[in-house]
Amino acid sequence: MNNQAEILVIDDEVQIRKLLEITLDSNGYKTFFAVNAKDGVLAAANHQPDLIILDLGLPDEDGQVVLKRLREWFQNPIIILTVKNAEEEIVKALDNGANDYLTKPFRTQELLARIRTALRNLVQKDNEPIVQFGSVSIDFNSRIVKLKDEILKLTATEYNLLSILVKNEGRVLTHYYLLKEVWGNSYSDQTQYLRVFVAQLRKKIEEDPNRPKFIITESGVGYRFNTG
């Protein structure tokens with residue numbers, strides 16, 4: 001994805017819109033804006049942007065409702081940018097389909113980095129059957145994981161968990177999401193399963209499992225996979 005990506009900002013704060021317009025335009029992105037939920041959903045449908053930046057505190061409708069409505073048909077990344085920083089709000093937004101979550105006030109460079117990651121994943125999704133990070137490579141066609149050209153012995157559950165994390169690189173995945181995807185709905189509250197398997201994966205792919213570079217803990221929320 002080049003810097004001509006189109007970004008829709010749905011936010012009713014004038015100062016935030018001005019800051020985002022300057023920041024995004026100066027970095028080569030094409031931006032357009034909506035100041036409420038109704039106009040935002042309509043703009044998303046008409047323009048089909050590459051990415052949406054969504055505020056949760058909209059004047060006409062709760063942003064969580066807007067997020068769920070968008071996720072019924074909009075497949076591209078959505079980044080939440082809001083003053084709401086309660087853990088339950090973050091988890092709810094991520095479970096509702098947000099790719100990432102930043103709170104106001106925010107650092108523009110961090111926002112730009114999150115945008116680049118989200119757009120990069122949009123391009124890479126399903127393009128390459130082999131993904132490499134550090135000394136590790138994953139061949140999704142053959143389901144083979146290698147470390148320094150040596151095949152890693154992973155259980156089926158370890159492979160499935162690693163695969164989901166890698167395919168969502170840069171995105172915060174909640175405990176609930178990972179448990180549901182790997183173990184099924186009946187295990188959605190069994191967070192100890194997740195902790196055990198994340199620890200096992202870290203021992204196998206991280207140089208220092210106690211200071212992981214790839215599988216990053218988002219405290220109280222879930223995990224984020226970084227390429228290091």
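Reply: One cut-off comes first. A residue is buried under 20% relative accessible area, exposed over 50%, and partly exposed in between. Keep in mind that this is a predicted model.

Start with helix α3, which spans residues 63-70. Its buried residues are Gly 63, Gln 64, Val 66, Leu 67 and Leu 70. Seen down the axis of α3, these buried residues fall within an arc of 160°, so they line one face of the helix. What lies over them? The cover includes two helices, α2 (37-47) and α4 (87-95). It also includes two strands, β3 (51-54) and β4 (78-82).

Gln 48 lies in the loop between α2 and β3. Its backbone stands out: Gln 48 has a positive phi of about 45°, although it is not a glycine.

Arg 143 sits between β7 (136-139) and β8 (144-147). Arg 143 is not a glycine either, yet its phi is positive, at about 60°. Its relative accessibility is 47%, which makes Arg 143 partly exposed.

The bond from Lys 104 to Pro 105 is cis, with omega near -5°. Pro 105 is found in the loop between β5 (100-103) and α5 (108-124).

Now set these parts in the whole protein. It has 8 helices and 12 strands. The radius of gyration is 18 Å, close to the 17 Å that the globule rule gives for 228 residues, so the protein is as compact as a globular protein of that length. Along the principal axes, the C-alpha atoms fill a box of roughly 55 × 35 × 30 Å.

The buried share is 46% of the 228 residues. Among contacts with a separation of 6 or more, 58% join residues 24 or more positions apart.

Last, the surface and the charges. The accessible surface comes to about 11,900 Å², and 46% of it belongs to carbon and sulfur atoms.

Notes
Residues numbered from 1 in each chain as written. Predicted model: local features only at pLDDT ≥ 70, side-chain atom pairs only at ≥ 80, totals over all residues. Heavy atoms only, no water. Helix = DSSP H or I, 4+ residues; strand = E, 2+ residues; numbered from the N terminus. Rg over C-alpha atoms; globule rule 2.2 N^0.38 Å. Buried < 20%, exposed > 50% of the residue type's maximum accessible area, 1.4 Å probe, protein only. Contact = heavy atoms within 4.5 Å. Areas by Shrake-Rupley, 256 points an atom, 1.4 Å probe, with all protein chains shown as cover. Arc of directions from axis to C-beta.
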